[in-house]
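Colleague: I would like to learn how to read the features of a two-chain model, one at a time. Please give me the general idea first and then the case at hand.

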Amino acid sequence: MELQVLLLFMIFAAVVAVEIEDLLSSVIAVGAVGLGLSLAFLILKAPDLAITQLVVEILCLIILIRATIKKDLVLVKDGRWLFNTVSTLVFICFFLVLAYFALKELPHFGQPIMRVAKEYIAYGLQETGATNIVTSVILNFRAYDTLGEVTVLFTAVIGVLAVMRKIGRINAK
Amino acid sequence: MIEFVLCLILFCIGLYCVVRKRNIIKIIIGLGIIEYAVNLFFILIGYRAQGRAPILAKDQTVINMVDPLPQALVLTAIVIGLAVTALLVAIAIRIHDKYGTFDITKIRRLRG
């Protein structure tokens with residue numbers, strides 16, 4: 001029951017974040033969505049994710065506030081407003097039709113399939129020595145996945161450094 | 001099943017924001033909402049009713065654990081999401097330096 005209330009709160013905060021005019025308020029509202037997601041992880045019995053989501057959300061908020069501190073407020077409503085909205089809604093309806101077929105194939109909520117995870121839970125402790133199964137999956141059973149994700153992470157960091165650098169530009173300020 | 005539908009609604013709000021809005025910061029916020037919805041969907045798939053967190057205890061045997069595999073995948077995806085948001089914001093700040101606006105319809109002059 002509390003999960004549904006939390007999801008409704010997240011949907012409400014997301015609507016506020018999308019529709020509000022002030023950019024800084026929008027960033028704060030998306031922070032509310034992220035913190036609600038952290039609580040939802042805690043309800044769904046994923047404490048590692050709740051901690052990580054909390055830290056990442058705060059960092060994300062700092063980055064977004066850094067971008068919006070310049071106060072560039074754009075509110076344009078020109079003649080194509082109706083066309084843009086209608087085409088967007090048609091696109092979303094097309095997506096929802098596809099999602100309807102996908103939702104019918106899903107397992108029921110609360111009854112996961114766990115065909116792979118059964119082995120991980122059974123042999124996780126004796127093969128890796130980690131009492132936290134999530135840790136043993138990340139660092140032992142699926143370590144190559146983690147290696148790939150870390151590669152993506154460092155590529156993104158190099159991208160940020162390359163985009164934001166001032167030294168070496170021709171028209172540096 | 002209602003949880004999946006609510007998660008889908010959250011995804012659609014983010015999709016609407018990305019497709020419809022014209023401010024770059026709003027588009028980044030929409031991408032963030034989509035990312036939250038997808039992470040939540042993974043965890044909802046792996047949830048077991050009256051389940052326990054996937055952590056073994058010394059003096060008791062836990063039989064009803066939730067699925068640890070989506071949690072392990074989402075744990076790295078969250079960190080990737082932070083890096084992607086940082087990259088997007090860096091590009092947005094650079095665009096604002098160059099064109100003086102966040103409006104995507106005014107960024108037309110693609111000069112080298």
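Colleague: What conventions apply before we start?

Modeller: This is a predicted model, so local features need pLDDT of at least 70 and side-chain atom pairs count only at pLDDT 80 or more, while totals for chains, interfaces and linings use all residues. Residues are numbered from 1 along each chain as its sequence is written, chains are lettered from A and ligands numbered from 1 in the order in which they are written, and side-chain values use heavy atoms, with hydrogens and water left out.

Colleague: How do I check a helix, and what are the end-to-end distances of H4(A) and H2(B)?

Modeller: Helices are DSSP runs of H or I with at least four residues, strands are runs of E with at least two, and both are numbered from the N terminus. The expected span of a helix is 1.5 Å times one less than its number of residues. H2(B) has 22 residues and reaches 32 Å from first C-alpha to last, close to the expected 32 Å. At the start of H2(B), a side-chain oxygen of B:Asn23 comes to within 3.2 Å of the backbone nitrogen of B:Ile25.

Colleague: Which residues of H4(A) are buried, and how many of H2(B)?

Modeller: Buried means under 20% relative accessible area, exposed means over 50%, and partly exposed lies in between, with a 1.4 Å probe and protein chains only. In H4(A) the buried residues are A:Thr85, A:Thr88, A:Ile92, A:Ala99 and A:Leu103, and their cover includes H1 of chain B. H2(B) is mostly covered, with 16 of its 22 residues buried.

Colleague: What is a nonpolar core, and which residues have the most contacts inside the largest one?

Modeller: In soluble globular proteins, nonpolar side chains tend to be buried together. A nonpolar core is a set of buried Ala, Val, Leu, Ile, Met, Phe, Trp, Tyr and Cys residues joined through side-chain atoms within 4.5 Å. The largest one here has 69 residues, and A:Phe41, A:Leu49, B:Ile29 and B:Leu40 have the most contacts inside it. Elements giving two or more residues to this core include helix H2 (23–43) and helix H3 (47–68) of chain A, and helix H2 (24–45) and helix H3 (68–99) of chain B. Beyond four places in sequence, the contacts of A:Phe41 include A:Leu49, A:Gln53, B:Leu40, B:Val74 and B:Ile78.

Colleague: How many residues does each chain bring to the contact?

Modeller: Chain B gives 73 residues and chain A gives 88. Buried area is the accessible area (1.4 Å probe) that two parts lose on being put together, summed over both. Between chain B and chain A it is about 7,600 Å², with carbon and sulfur atoms giving 77%.

A polar contact is a pair of N or O atoms within 3.5 Å; within protein, one must be able to donate a hydrogen and the other to accept it, and residues adjacent in sequence count only if both atoms are side-chain atoms. Eleven residue pairs are in polar contact between the chains, both residues at pLDDT 80 or more. On the side of chain B that touches chain A, H1, H2 and H3 of chain B each give two or more residues, and the largest share, 24 residues, comes from H3(B).

Colleague: How many salt bridges are there over all chains?

Modeller: A salt bridge is a side-chain nitrogen of Lys or Arg within 4 Å of a carboxyl oxygen of Asp or Glu. The count over all chains is three, and one crosses the interface of chain B and chain A.

A:Glu19 pairs with B:Lys21, the closest N and O atoms being 3.6 Å apart. A:Glu19 lies in helix H1 of chain A and B:Lys21 in the loop between H1 and H2 of chain B, so the pair joins two chains. A:Glu19 is partly exposed at 41% relative accessible area, whereas B:Lys21 counts as buried at 19%.

A salt bridge also links B:Asp97 and B:Arg94, at 3.9 Å between the closest N and O atoms. Both lie in helix H3 of chain B, three residues apart, about one turn of the helix.

Colleague: Is A:Asn132 buried or exposed?

Modeller: A:Asn132 is buried, with a relative accessible area of 15%. Its place is in the loop between helix H5 (117–128) and H6 of chain A. The side chain of A:Asn132 reaches the backbone nitrogen of A:Val134 at 3.2 Å.

How values were computed: Contact = heavy atoms within 4.5 Å.
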